[in-house]
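Hi,

Here is the model I promised to pass on.

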Amino acid sequence: MGVEKDKNNACGGVDYPPIKTVFAFSKNNIVFGHIDASITKYNGANFVNDCSFIKQINGSINKIWGTSSSDLYVVGNSGLIAHYDGKEWQRIESGSQINIRDIWGAKTENNKFQIIALASNGGQIPQGKKLLLIQNNTVKYLNDSELDMSLAAIWFKPERKYYIGGAGLFESYGINASWQEDKSQPLLYISGIRGQSLNDIVLCGGYGHLSHFNGLNWKHYYGKELPQISGNLNEISIKRDLIVAVGWLMNRKAIIYMGIR
């Protein structure tokens, strides 16, 4: 899949590089990150390609988070973190070569943003993991000792509850506190987790795994309302009464789940 844009504005040898991630502020303000590290911004009428960042790195953008189109963070492979201030991109040294898989931020009670990135080179030969707190374009490592090596997703409400998904679902009640695994979860990989509040959280993952937390209990749709699939749900998002999860099937076809409450 690629974003359709003016070929004269392409950043490299590929006119329509595959999309790796997307972050939407509104229907007329959407940012796409591509596998070649280029950025595309949609303003409601046009797709505008930002090629300035691609010259700085050799790799893929894995996730985007920001407070506005002039305050964007991107994370990617080999410890990539960068920030856009509306004028230019600035690399943030992560101090690690581990692939950064996800990033999330939210306001604290002091009306400041807490931003955490999740790094993991899990797999058959795990290479490491890191939790990185980003403050003023610098990085501080947080406690990760109780976490599995294979991790993919993070979501939290600052100083109240933190969730990390991957080979298990892990919970913490503080920014640098210990982590506990939720043993009630199905034995399925978790690829994405997002929420609107602590009583409205969704996650997705392997074989069509999709679950919702209402503040008291998790409801697992896998194998019940939703069938097992030969593939994976990679990403999930929730907005008001709409849930959308996207992924792929073994036959190289895309799959989209949409749920309306």
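Glu159 is partly exposed, because its relative accessible area is 45% (buried means under 20%, exposed over 50%, partly exposed in between, with a 1.4 Å probe and protein chains only). Glu159 sits in the loop between strand 13 and strand 14 (161–166); strands here are DSSP runs of E with at least two residues, numbered from the N terminus. Its phi is positive, about 60°, although Glu159 is not a glycine. For background, most residues other than glycine have a negative phi.

Before going further, the ground rules: this is a predicted model, where local features need pLDDT of at least 70, side-chain atom pairs count only at pLDDT 80 or more, and totals for chains, interfaces and linings use all residues. Residues are numbered from 1 along each chain as its sequence is written, and side-chain values use heavy atoms, with hydrogens and water left out.

Arg240 also has a positive phi, about 55°, without being a glycine. You'll find Arg240 in the loop between strand 21 and strand 22, and it counts as exposed because its relative accessibility is 62%.

Strand 19 (210–213) and strand 23 each supply at least two lining residues. The volume of this pocket is about 260 Å³, meaning the space filled by probe spheres set on the grid points, which are joined across faces, edges and corners. A pocket is an open set of points on a 1 Å grid over the protein atoms alone, where a 1.4 Å probe fits, with protein on both sides within 12 Å along at least five of seven lines; lining residues have an atom within 4 Å of a point. Among the lining residues are His212, Asp241, Tyr257 and Arg261. By type, the lining divides into seven nonpolar, two polar and two charged residues (Ala, Val, Leu, Ile, Met, Phe, Trp, Tyr, Cys and Pro are nonpolar, Asp, Glu, Lys and Arg charged, the others, Gly among them, polar).

Now the aromatics: how many pairs does a search of the whole structure find? It finds nine. Rings of Phe, Tyr and Trp (its six-membered ring) pair if their centres lie within 6.5 Å; planes under 30 degrees apart are stacked, over 60 edge-to-face, and the rest tilted. Phe156 and Tyr162 are stacked, because their ring centres are 5.2 Å apart and their planes at 20°; Phe156 and Tyr162 are buried. Phe213 and Trp218 form a tilted pair, with 5.1 Å centre to centre and 35° between the planes, and both are buried. Ring pairs also link Phe32, Tyr42 and Phe47 into a cluster.

Cheers

How values were computed
Helices (H or I, at least four residues) and strands (E, at least two) are DSSP runs, numbered from the N terminus.
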